[in-house]
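Thank you all for coming; I would like to walk you through one chain this morning. Please have a look at the sequence and the structure before I go on.

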Amino acid sequence: MELTIAIKEYIDRSVLCWLATVSDTQIPNVSPKEIFTYYGTDSIIIANIASPQTVKNIQANAQVCISFIDVLVQKGYQIKGMATIVNPSDMEFDEMKAKLTRMTGGKFPFQTITKISVAQVKPIIAPKYLLYPETTEQEQIKSAKKAYGLS
């Protein structure tokens with residue numbers, strides 16, 4: 001499944017994503033990830049920085065879910081797919097690492113990368129938009145800034 005321009009824009013606007021995995025004993029794990037971006041037209045890549053449980057879980061069960069939102073607009077996407085751990089010996093590693101290293105400025109070393117092949121996409125939207133359909137993004141931003149103490 002291809003990532004649309006809108007999804008890529010939300011990835012670019014999101015500071016964190018949350019990656020959900022499941023262990024071989026069926027214990028769920030949700031881990032925040034700071035260094036992530038899209039790769040090509042149908043994948044998301046994440047730098048594995050201090051992510052031993054995530055990597056272990058993916059090796060046991062490749063099905064994952066990733067969510068990201070623009071915290072002020074309070075809209076984003078949930079993506080489900082299959083994850084693989086990309087190692088330095090893999091053909092795509094250097095290209096992926098260069099893209100992620102630009103984001104870190106070299107300040108966060110990582111040895112592997114999680115690559116998620118997108119299978120399903122679902123929009124995430126704050127309940128306020130549904131309960132009060134007249135809510136504009138500008139109103140939501142103003143409300144979020146106030147809630148986060150940014151106004």
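Predicted model: local features only at pLDDT ≥ 70, side-chain atom pairs only at ≥ 80, totals over all residues.

What does the accessible surface of the chain come to, and what percentage of it belongs to carbon and sulfur atoms? The surface comes to about 8,800 Å², of which 56% belongs to carbon and sulfur atoms, with areas from the Shrake-Rupley method and a 1.4 Å probe, only the protein chains shown counting as cover for residues.

Residues are numbered from 1 along each chain as its sequence is written, and side-chain values use heavy atoms, with hydrogens and water left out.

The chain has 5 helices and 7 strands, which are DSSP runs numbered from the N terminus (H or I over at least four residues for helices, E over at least two for strands).

Turning to the sheet, it is open, with 7 strands in the order β2-β1-β5-β6-β7-β4-β3 and antiparallel pairing, where pairing requires at least two DSSP bridges between two strands. The edge strands, each pairing on one side only, are β2 (28-33) and β3 (36-39). Between β6 (residues 75-86) and the antiparallel β7 (residues 113-125) there are 12 bridges, and I79 stands opposite V121 in β7.

Helix α3 (residues 93-104) packs on this sheet, touching β3, β4 (43-47), β6 and β7, contact meaning heavy atoms within 4.5 Å.

Notes:
Axes fitted to C-alpha atoms, helices over the stretch in contact; angles between N-to-C directions.
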